[in-house]
Amino acid sequence: MKNKTIIPWVSLGVALASAVGIYFLPEYQLWFLAILLLNLLASLGFSKKYDNAALTVCRLLVGALFIFSSFTKGVDPLGTKYKMLDYLAVYGMTWLNDFALALAMLMILAEFIVGICLITKVFPRLAVLGATILMLFFTITTLFDALYDLVPDCGCFGTAIKMSNWQTFYKNLVIDAVLIPLIFNNKRLISRFSVSTQFIIGCFYAFVFLGFEIYNYRHLPVVDFMNWKVGKQLTTETAEESKIYLTYRNKATGETKEYLSPNYPWNDSVWMSKWEFVDQRVEGGANFLGFSALDEEGNDVTENILTTENLLMFTSHDLTKVTEKEWEKIRKITEAAEKQDFTVIWTVADEPEYVEKLREKYDFLYEVYYADELEIKPIVRSNPGLIWLDNGLVKDKWSSVDFKKALKVL
């Protein structure tokens, strides 16, 4: 009788301790991997000895983690889409690029449904099955990431928590060890609700969370985990203390090259068509913005942007996708800003030649600076987006859907 209670709790204790230890082990460690695999085997071998209390803890832990994971991604579905595009490129599935956003949102929704259903015991057996399928997929994918460094930072927790590929794989092994007892004791998971009630509750969960995702997609993340969040003081000292290095791979030869940003041909469309982004690393201060803007002569104007009073900066990583309706809103904001002595600039990832063509059509497209697409996307999760800076302090920001709200401020 002792073994039936002690062994499961020891396994759960090792899993929780390992979860904490992952934070301190960003790289491959054979001894730590051995501990995780042994605990995985222990949970498998003694899965039938888990009593109801231990199973409840397993259910709540797995459910809570799935909910947390889905929230950190659901609050920023565009960020998850960008990560999805990285995976599609690596695995040669770029034909799915047009569906990346839908796939990302469905995956996030599936994680949430699994998590909330485990917590509330709504279709608990189906929830365990869903968790098993998802964890099998995640574990295999992150194993390849850890071994071959295919995609840096899987984005498992969105931009809330950054993890190395080995940390991500370790994390999945910990979850697997807690999930296995639920798999082998599936028949013991019984809901107190009728099937019809569970169906209604499940549909309600799905509807609410899908609405949450759509809201964050159309507007901006309700919780912003990025450096450019409202209320953040951005300083030039922070930017100068750190360096960001980008690694690109030649699509034809597989050759990789590392560049100190922004000293690489990011505005050369021919070069960019032949090379693909692989990885980035940061040296220096932990609060590095990962952003540097250049004027048309190639001069770094980042300091100017972060030391200007009442600066409105429109951002766009792809001006070709800005609609006529959005341009009209931008015109009204620009005119209103001028009357209130705001400085209006643009930071874009397009080529200067294309910007000149747009200037001929839109005479309110004034000062334009250039930055890498990867550096622009985290500023405002919208294309186009608008951010209000005051000597580097982020006062507010708006998605294109909410440009009318910006007019009210002006």
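Buried means under 20% relative accessible area, exposed over 50%, and partly exposed in between, with a 1.4 Å probe and protein chains only. All views show a predicted model, in which local features need pLDDT of at least 70, side-chain atom pairs count only at pLDDT 80 or more, and totals for chains, interfaces and linings use all residues. Residues are numbered from 1 along each chain as its sequence is written, and side-chain values use heavy atoms, without hydrogens and water.

**View A. Tyr 23 and Phe 24 form an edge-to-face aromatic pair.**
Rings of Phe, Tyr and Trp (its six-membered ring) pair if their centres lie within 6.5 Å; planes under 30 degrees apart count as stacked, over 60 as edge-to-face and the rest as tilted. By this rule the model holds 22 aromatic pairs. One of them joins Tyr 23 and Phe 24, at 5.0 Å centre to centre and 90° between the planes. Phe 24 is exposed, at 59% relative accessibility. Tyr 23 is exposed too, at 65%.

**View B. Phe 68 and Phe 157 form a tilted aromatic pair.**
The centres lie 5.4 Å apart, with 50° between the planes. Phe 68 belongs to helix α3 (residues 52–74) and Phe 157 to the loop between α6 (124–148) and α7 (165–184), so the pair ties together parts that are 89 residues apart in sequence. Helices are DSSP runs (H or I, at least four residues), numbered from the N terminus. Phe 68 is partly exposed, at 39% relative accessible area. Phe 157 is buried, at 5%.

**View C. Ring pairs build a cluster.**
Its members are Tyr 28, Trp 31, Phe 32, Trp 166, Phe 169 and Tyr 170.

**View D. Lysine charges sit over the rings of Tyr 82 and Trp 388.**
The criterion: NZ of Lys or CZ of Arg within 6 Å of the ring centre and within 35 degrees of the ring normal. The charged end of Lys 377 is 3.9 Å from the ring centre of Tyr 82. For Lys 395 over Trp 388, the distance is 5.4 Å.

**View E. Asp 224 sits in the loop between α8 (195–218) and α9 (236–240).**
Asp 224 is buried, at 15% relative accessible area. A polar contact (N or O atoms within 3.5 Å, one able to donate a hydrogen and the other to accept it; neighbours in sequence count only if both atoms are side-chain atoms) of 2.8 Å joins its side chain to that of Lys 397. A polar atom of the Asp 224 side chain also lies 3.0 Å from the backbone nitrogen of Met 226. Leaving out residues up to four places away in sequence, Asp 224 touches Lys 229 and Lys 397, where contact means heavy atoms within 4.5 Å.

Key. Helix = DSSP H or I, 4+ residues; strand = E, 2+ residues; numbered from the N terminus.
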